[in-house]
Amino acid sequence: MTSQTITAAASGTWTLGDLPVRRIGFGAMRLTGNAAFHLGTPSDRDRSIAVLRRAIELGVDHIDTAAFYFSSVRSANELINSALAPYTDDLVIATKVGPFRDYSGEWGTPARPDQLRAHVEENLRQLGRDHLDLVYLRRTGQDSIAEHFGALAELREAGLIRHLGISSVGLRHLEEAQAIAPVVSVQNQYGLDSPNDGTDELLRTCGEQGVAFVPFFAIAGKGGAQGLSGSDGDEVLAVARAHGATPAQVRLAWTLRQGPHVLAIPGTGSPDHLVENVAAGALRLTDDEMARLDALHRPGE
């Protein structure tokens with residue numbers, strides 16, 4: 001399962017609006033350091049650039065990033081720009097707006113609707129683009145997203161954004177956004193050991209409506225930005241041994257089996273882990289293995 005010859009094409013494809021992408025993509029959050037944001041040691045610049053270029057060589061055509069992905073010396077968007085510009089026509093870059101970090105790295109007050117244009121323009125500047133392929137509104141605790149999403153819909157009409165998504169939301173937020181403008185993708189925390197009945201329902205609804213579902217922390221699970229917490233359980237390890245795979249690959253394969261509309265965006269700053277993550281798109285779990293893993297995700301059912 002760690003073959004250098006397996007590409008992202010093995011994972012299949014999905015279309016984000018009118019943009020076809022392979023179902024294994026790449027998350028840029030960990031490019032800036034060994035832990036997310038300012039929590040770890042900054043990365044080696046050359047290594048991060050090499051990882052991005054290797055991802056493209058492996059057929060990755062969907063990169064997920066944000067202007068608030070930076071450490072004390074590294075910016076994910078700047079790394080993407082340096083490594084990959086001029087961009088190929090088939091590369092889809094998705095970004096997120098809403099949260100805000102100041103120059104010291106501390107989280108500040110999330111953007112008001114009238115401030116979202118500045119967030120979009122900052123991503124444009126850092127990435128060196130004249131429009132953004134996909135922009136997610138990352139909900140930051142507000143009960144209604146209508147005003148914020150409406151502001152992004154106006155920027156879509158103005159040509160700064162091609163497609164819109166929403167993140168960290170519930171089913172009612174999807175309905176609220178769809179009443180304003182088309183939603184091509186939903187991005188929530190989701191993984192094998194991150195059970196959430198509401199997110200499971202949202203994932204199913206997205207599949208019924210042809211909306212992509214893009215989980216983050218699919219490998220890290222409850223560890224979130226800090227990385228995988230604890231050790232993998234016996235069932236995950238047994239499935240991994242049966243396929244000559246790593247537990248992380250099993251977690252990604254399980255995630256992709258949740259539906260053809262589910263995309264994976266595992267992030268890493270390691271060339272070896274990148275190859276393993278991409279190869280997970282070729283791992284085919286049996287129905288019995290899925291049932292055993294499903295029991296871990298939904299205990300008691």
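Here is a short tour of the aromatic rings and nonpolar cores in this predicted model.

Before you click, note that residues count from 1 along each chain as its sequence is written, and side-chain values use heavy atoms, with hydrogens and water left out. Local features need pLDDT of at least 70, side-chain atom pairs count only at pLDDT 80 or more, and totals for chains, interfaces and linings use all residues.

**Stop one: ring pairs.** There are five aromatic pairs here. Rings of Phe, Tyr and Trp (its six-membered ring) pair if their centres lie within 6.5 Å; planes under 30 degrees apart are stacked, over 60 edge-to-face, and the rest tilted. Select Phe68 and Tyr69: their centres are 5.4 Å apart and their planes sit at 85 degrees, so this pair is edge-to-face. Both Phe68 and Tyr69 are buried (under 20% relative accessible area with a 1.4 Å probe, protein chains only).

**Stop two: Phe216 and Phe217.** These two make another edge-to-face pair, 5.2 Å centre to centre with 80 degrees between the planes. Now show Arg138, which lies over the face of Phe216 at 4.9 Å from the ring centre. (That takes CZ of Arg or NZ of Lys within 6 Å of the ring centre and within 35 degrees of the ring normal.)

**Stop three: the cores.** A nonpolar core joins buried Ala, Val, Leu, Ile, Met, Phe, Trp, Tyr and Cys residues through side-chain atoms within 4.5 Å. The largest has 80 residues, and Val186 is one of those with the most contacts inside it. Apart from that core lies another of 13 residues, including Leu19 and Ile265.

Note on methods: Buried means under 20% relative accessible area, exposed over 50%, partly exposed in between (1.4 Å probe, protein chains only).
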